Amino acid sequence: MPCTSNHMHLFFLNAMLRRFLDKAQYDQLLQLYTRMRNLGFSPDNFTFPSVLKACGCLNDIKFGFKVHQDVIIYGYQSDVFVANSLIAMYARCRFFDVSRRLFNKLPQRNVVSWSTMIGVCAQSNSFEEGVLLFYRMLDEGKQPNRGAVLNVMECVQRKNVADDIFRVLMANNLHLDQFVQNAAMLMYARCGNIDVAKGIFDGMVMKDLVSWTSMIKAYAQADMPLEALGLFKQMKLQGVLPDSVMLLGVIQASSILASFRQARIVHGITIRSFSKSPLMMDTAVVDLYVKCGSLAYAKKVFDGMNEKNVVSWSTIISGYGMHGHGREALHLFDQMKDSIKPDHVTFVSVLSACSHAGLIAEGWECFNSMSRDFGIKPRSEHYACMVDLLGRSGRLNEARELIARMPVRPDAGVWGALLGGCRIHLNAELAETAAESLFHLDVENPGRYVVLSNIYASYGRRKEVDGIRHLMKRRGVRKVVGHTIVEIKDQIHAFVAGDRSNPETDVIYSELEKLMDRIKGEGYTPDLSFVLHDVEEETKEKMLYSHGEKLAIVYGLMKLKEESVIRITKNLRVCGDCHTATKFISKVTGKEIIVRDAHRFHNFKDGKCSCGDYW
């Protein structure tokens, strides 16, 4: 009887654990488990999955280790359901190697084991491994379930693989499952096949909120913000009310568009949608205003937040860094440390801020404090920030020595930072070293080839320039065309170098010529080194004048006469001559001009730039 009584008690205790889990009351769940153990109850294979999931949700690896020991003590390490829970717990706590070891030791695997491990690969960005595991699962005769296909679709990066996976879905009658269809939209968008994603969306008989959200995210993922926002308007007209996940997708699309007006509209929608805005939403709005060039609004939202977490602080610190306010970013970092422990993302934000502002001593101090004060082991991205900081300041040999001392193999981010420093300080020899690694690690990134080609061109090494062009052609790598956009009364206008597509082209070029004459009178001299074509100097000067940045600014000045701020966005790094010209334009027009390029913000006012010409 005592044994039966104990069994009944355990049954009810397991039910209580499950109830806490369903209500996301993870702390209470772990407290109950501790009391169970103290009272002498022996956990079973129904106890451990609930407790391990709670550990993962709380990211409590210490408690997870203790539970793992209990699993071994009570002999449940070979139980497939308990083992699957262990694999998932370690993955949630980012102990991916432990998850792999547990999976590899499993004597028997069910479809949940495979699904969990594929999910681990998705979390750890081991996408190819995840796809290979899915194929191995199929080879072993396991029939995929919804969880397995949802996880593998997160790993798919290429269209041919996406088509393979979709055929598996159809063969197993999973393609009509709405969750699967929603994930398939994101998969195809990630692979650059937005038309297929839209076809799946249009073919859905019933569209739920998740379907609309998935398609909006798919557009945002494919860098199509106007389509994403258009779909959002269409959804609202159909009477579908957005939730927080949907609005996060809309905010993501608005961030790509970098429209301050759109940011204000979306912020208003979030305020009206929630009596108390979720922390994640507030943080996303801070990031939105940062990316739309309004640090003042970003700081106002940040200061008004009821609570702040490590992501909130990292976001605002990153924002100040992107806008060139390195010392203010460090001040915020000091404030943060009074209440919240920084994580590895925070340090990327801080080190990047130091890099943009040229704060070398402060950067080294932050880098060294990671392991010394916070027990955080620097990752490749932290080394990339330090290499960028040293490279920008001209300490290229010091940057190269730091790379040589790295405890991990340098990735494309590290070598790309070194190449960027070589571009600024025209070091062809070291640039070749960096490019040699990048051409293996980051084969399809055209920017790497263009930077090395431009360095060669600066030295007049035409043979090497031609060699880079032939290499790009042979590898099928195409140079990204630079364009600059400006928003005028809800419409986006794009300009490329020498653009004559605008209906008001003749007026634009007439105003441009007048503006160039005005800033020349203030001391502006065209920097012809930014024209790499072998043409006459007069032609070079005309080519400089017709850069997309200048055309967009002139159009903004023509159409936004009553506005005090002109905002433009460049998809690549802003041209050096355009940077100089914009300083003079802000001086002679009295306008504030905010330029967002691929890496940072430049705030031009009264003839000066927020970057302090350190970029």
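Predicted model: local features only at pLDDT ≥ 70, side-chain atom pairs only at ≥ 80, totals over all residues.
Six strands, in the order 2-1-3-4-5-6, make up an open sheet with mixed pairing. At its edges are strand 2 and strand 6, the latter covering 608–609, and each of these pairs on one side only.

Strand 1 spans residues 484–488 and strand 2 spans residues 491–495; the two run antiparallel and are joined by 5 bridges. Two of the partners can be named. Thr-484 has Phe-495 in strand 2 as its bridge partner, and Ile-485 has Ala-494. How many residues lie between strand 1 and strand 2 in the hairpin? There are 2 residues between them, and Lys-489 in the turn has a positive phi of about 50°. As background, side chains in a regular strand alternate between the two faces of the sheet.

Take helix 20 as the partner, residues 326–337. Helix 19 and helix 20 pack at an angle of about 165°, and their axes are 7 Å apart. Angles over 145 degrees count as roughly antiparallel, so that is how helix 19 and helix 20 lie to each other. Their crossing is right-handed. Which residues meet there? From helix 19 they are Val-310, Trp-313, Ile-316, Ile-317, Tyr-320 and Gly-321. From helix 20 they are Gly-326, Glu-328, Ala-329, Leu-332, Phe-333, Gln-335 and Met-336. Sorted by class, this contact has 9 nonpolar, 3 polar and 1 charged residues.

The other partner is helix 17, residues 279–291. Its axis and that of helix 19 come within 9 Å and cross at roughly 5°. Angles under 35 degrees count as roughly parallel, so helix 17 and helix 19 are roughly parallel to each other. On the helix 17 side, the contact involves Leu-279, Thr-283, Val-286, Asp-287 and Val-290. They meet Val-311, Ser-312, Thr-315, Ile-316, Gly-319 and Met-322 in helix 19. The residues of this contact divide into 6 nonpolar, 4 polar and 1 charged.

How values were computed: Residues numbered from 1 in each chain as written. Heavy atoms only, no water. Axes fitted to C-alpha atoms, helices over the stretch in contact; angles between N-to-C directions. Helix = DSSP H or I, 4+ residues; strand = E, 2+ residues; numbered from the N terminus. Parallel < 35°, antiparallel > 145°, perpendicular 65-115°, else oblique. Left-handed = near helix turned anticlockwise from the far one by under 90°. Contact = heavy atoms within 4.5 Å. Nonpolar A, V, L, I, M, F, W, Y, C, P; charged D, E, K, R; others polar. Pairing = 2+ DSSP bridges.
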